[in-house]
Amino acid sequence: MNHVVIYTDGACKGNPGPGGWGVYLKSGEFERDLCGGERVTTNNRMELTAVIEALTALTRPCKVSLYLDSEYVRKGITEWIHGWKRKGWVTAAKQPVKNADLWQKLDAMVHGGVHQIEWHWVKGHAGDPGNERADMLANRGVPR
């Protein structure tokens, strides 16, 4: 199984506002940059979209070391999602889960998917080269 290191990030100019997502993938000597965006979105939607796009880009089952600066995404997919699903996509406060469409898509990819994913949180804007590259790509993806 190939090992892939992935860094993801999201960016938003206004929240909501124009936003972008960025992905930096590395496997051995192979590197790939991905980015895109939406005209009206939120930072959390772009953080989620970055991870979804990263996993979609993988063409075969991989061992993935996924680095992101979003605790919202990391905790959401590793902790909170189990309760949301059990409660019918409602939070503990009895409110609909925000971004449920993206959470459901990511859940299918992660918990029903073929990749072995290790989730790693990194502090954003703290000099981590992979995170800085993903941040640059996310900002590049913001529609002008």
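This is a predicted model: local features need pLDDT of at least 70, side-chain atom pairs count only at pLDDT 80 or more; totals for chains, interfaces and linings use all residues.
A residue counts as buried when its relative accessible area is under 20%. Thr49 has 10% relative accessibility and is therefore buried. Leaving aside neighbours within four places in sequence, Thr49 is in contact with Trp21 and Leu102.

Helix H1 itself has 15 residues. From its first C-alpha to its last it reaches 21 Å, close to the 21 Å expected at 1.5 Å a residue. Besides Thr49, the buried residues of H1 are Met46, Glu47, Leu48, Ala50, Val51, Ile52, Ala54, Leu55 and Ala57.

The largest nonpolar core has 34 residues, of which Ile6, Leu55, Leu66, Trp103 and Leu106 touch the most other members. Two or more residues of this core come from each of strand S1 (2–12), strand S2 (17–27), helix H1 (43–57), strand S4 (62–68), helix H2 (71–86), helix H3 (100–111) and strand S5 (116–121). H1 gives the largest share, 8 residues. Leu55 can be followed in detail: not counting residues up to four places away in sequence, Leu55 touches Leu66, Leu106, Met109, Val110, His115 and Ile117.

Next comes helix H3. With 12 residues, H3 reaches 15 Å from its first C-alpha to its last, close to the 16 Å expected at 1.5 Å a residue. The buried residues in H3 are Ala100, Leu102, Trp103, Leu106, Asp107, Met109 and Val110. Among the elements that cover these buried residues of H3 are H1, H2 and S5.

A pair of aromatic rings is described by the distance of the centres and the angle of the planes. The structure holds 6 aromatic pairs. In one of them, the rings of Tyr7 and Tyr24 have centres 6.3 Å apart and planes at 25°, so this pair is stacked. Because Tyr7 lies in strand S1 and Tyr24 in strand S2, the pair ties together parts that are 17 residues apart in sequence. Tyr7 and Tyr24 are both buried.

Trp84 and Trp103 form an aromatic pair that is edge-to-face, with 5.1 Å centre to centre and 65° between the planes. Trp84 is in helix H2 and Trp103 in helix H3, and this pair links distant parts of the chain, 19 residues apart. Both tryptophans, Trp84 and Trp103, are buried. They also belong to one aromatic cluster, formed by Tyr72, Trp80, Trp84, Trp89 and Trp103. Trp103 is also among the core residues that touch the most other members.

The elements giving two or more residues to the lining are S1, S2 and strand S3 (30–41). The largest share of the lining, 3 residues, comes from S2.

Conventions: Residues are numbered from 1 along each chain as its sequence is written. Side-chain values use heavy atoms; hydrogens and water are left out. A nonpolar core is a set of buried Ala, Val, Leu, Ile, Met, Phe, Trp, Tyr and Cys residues joined through side-chain atoms within 4.5 Å. Buried means under 20% relative accessible area, exposed over 50%, partly exposed in between (1.4 Å probe, protein chains only). Helices (H or I, at least four residues) and strands (E, at least two) are DSSP runs, numbered from the N terminus. Contact means heavy atoms within 4.5 Å. The expected span of a helix is 1.5 Å times one less than its number of residues. Rings of Phe, Tyr and Trp (its six-membered ring) pair if their centres lie within 6.5 Å; planes under 30 degrees apart count as stacked, over 60 as edge-to-face and the rest as tilted.
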